[in-house]
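Here is a short walk through one model. Keep the sequence and the 3D view open as you read.

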Amino acid sequence: MSGFRALARKELLRFSRVSMQTVFAPVVTTLLYLVVFAHVLESRVQMYPGVSYRVFLVPGLVMMAILQNAFANSSSSLVQSKMTGNIVFVLLPPFSHVEFFCAYVFASMVRGLTVGVGVLIATSPLVELNVAHPLWALAFAICGSAVLGSLGVLAGIWAEKIDQLSAFQNFVVVPATFLSGVFYSINSLSPVWRDVSLANPFFFMIDGFRYSFFGQSDVAPTTSIVAVLAALFTLSAIALMLLHKGYRMRP
Amino acid sequence: MSANSPVGPQSALNASPAIEVRGLAKRFGKLQALDHIDLTIERGEFFGLLGPNGAGKTTLISIIAGLTRADAGVAKVMGHDVIADYRAARRALGVVPQELVFDPFFTVRETLEFQAGYFGAKNSRAWIDEVIESLDLGDKANTNMRALSGGMKRRVLVGQALVHKPPVIVLDEPTAGVDVGLRMTLWKFIRRLNDDGHTIVLTTHYLEEAESLCGRIAMMNRGRIVALDRTDALIKRHHSLNLRVRLIGASLPAALRSRCVASVDDTHTFPLDRFEEVESTLASLRAANCRLLEMELLQPDLEEIFVEIMRTDAMQHAKGAQ
């Protein structure tokens, strides 16, 4: 456990040393999404009865920020370490695979949740938001950030240069978050695209998180949490198996 | 600091060598980086691993350190298999990597503290202070790694390998591109660790360093160990001394030309097995009407042996390929 503590502490310190880039910049970017989309669509769109579009947007944007930053933390840390060669410092110690994996995921969760809280605070002057089910909110925020932290570890194991990581981020993570119902309810989609959305694990994180604020969602929160936990279990199992085999880490 | 504290509770492991390698093989594509190597390094040795670039030294070290997986064979550190019992094996090993790598987010002290934490080292502050002082890093302890010179970064790398007090320390070309001052500081510190009972494994291209420091040496080429012996025995293995003469007069007689290992202008070098051969060689020169201008008797050094062994290996390899 002491190895886990040291590695997690190192990872936390790593992103906090560059908090302008890792925390404040994503908060500002997310705030811009809210301002622009709410300004353009506020009077034209209503997704849930009694919920303005501006208010509807916030939980989705908070979750999107949590997910993208959780992914960015573990993936960029591993790839940067591989590229600079200092990955050797975390490969030489006697970490168990679980310790190694958990330390990276934990730091990713902390960064994702920090940015999420930052977005909530930054949007509070613009939007009055009440949390109907705080425990659900916490559960989806924690599990969602853990899923993307795990996906980040996987991407970090696989990618050997920034270009590959960038491709993973731009062609997998960003489309999956944008097409997961951050900006709309999937009930507003055609049946085909609605079904496609239901195959996207990101949708369940956003939808479940939104439920915890409004008490309304496209699918039941229990369904969403099961889907999120299934994604977490699957990604963790794959990452641990690859770490055990030393895939691209111990060639 | 003592190296004799057991890594694990198993007393049976106490008698095991510091490093034991059996049938270790590794291939990268078409390159056979390691070709079924066997090697045993006993506890407390100061061991040198020499060889040209691409000989397989770093691959061997990487497998022992768990950074690379072998295709075949077994590697153990203090009796612990580097795969099956990797946690105990890694706790017993400190590695100074060849590349000058560092984490740009942290200071020197933070770097060392994190590394100690990774190995689960408890109450390491006093030891980290000692490492910092011993490596002359005292005034840089709170400096960010990015701001350090190459030599200073190298010192931190050495410190990182030592923070968990490993009984076996592997230094992969630790003095590459390092100034004389640091080399002296480094070797003084490493010698002290060896005197305290730590096993030291060193790879270097500075053969005079290996000759003065290492009790035993393995020479590698093309993924194989081509020579393995005590350093003094290795130096004496081929011949005991060299006779270098500068001549005027007649050209070198044919009988002597075949024995000559180096000829530059009118200066010729003859390897001799025994001191008594000096007289007979000089007699042959006199008989050929060669006049002696200068004469020098040289002790062979490791560099000469190294070149000779590599040349012999290359010739054997070429013959085998025909």
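Two residues are in contact if their C-beta atoms, placed from the backbone, lie within 7 Å. B:L171 touches B:V96 and B:L202, leaving aside residues up to four places away in sequence. Bear in mind that this is a predicted model.

Where does B:L171 sit? Its place is in strand β7 of chain B, residues 168–172. Is B:L171 buried or exposed? A residue is buried if 20 or more other C-beta atoms lie within 10 Å of its own. B:L171 has 23 C-beta neighbours inside 10 Å, so it counts as buried. Now look at B:V156. B:V156 and B:L171 are 15 residues apart in sequence, and their C-alpha atoms are 13 Å apart in space.

Step back to the whole of chain B. Chain B holds eleven helices and 14 strands. Its C-alpha trace spans about 75 × 45 × 40 Å along the principal axes. Of the 322 residues in chain B, 40% are buried. Consider next the contacts in chain B with a separation of 6 or more: 71% of them join residues 24 or more positions apart.

Cross over to chain A and find two of its helices. Two packed helices are described by the angle between their axes and the distance between the axes. Helix α3 (residues 53–84) of chain A packs with helix α5 (residues 97–123) of chain A at an angle of about 145°, and their axes are 7 Å apart. The contact of α3(A) with α5(A) has 16 nonpolar, eight polar and one charged residues. The crossing of α3(A) and α5(A) is right-handed.

Finish at helix α9 of chain A, residues 201–214. This helix has 14 residues and reaches 20 Å from its first C-alpha to its last, close to the 20 Å expected at 1.5 Å a residue. Why is α9(A) largely enclosed by the rest of the structure? Because 14 of its 14 residues are buried. Just after α9(A) comes A:G215, with a positive phi of about 70°.

Key: Residues numbered from 1 in each chain as written. Chains lettered and ligands numbered in written order. Predicted model: local features only at pLDDT ≥ 70, side-chain atom pairs only at ≥ 80, totals over all residues. Axes fitted to C-alpha atoms, helices over the stretch in contact; angles between N-to-C directions. Helix = DSSP H or I, 4+ residues; strand = E, 2+ residues; numbered from the N terminus. Left-handed = near helix turned anticlockwise from the far one by under 90°. Nonpolar A, V, L, I, M, F, W, Y, C, P; charged D, E, K, R; others polar. Expected span 1.5 Å × (residues − 1). Buried ≥ 20, exposed ≤ 12 C-beta atoms within 10 Å, placed from the backbone.
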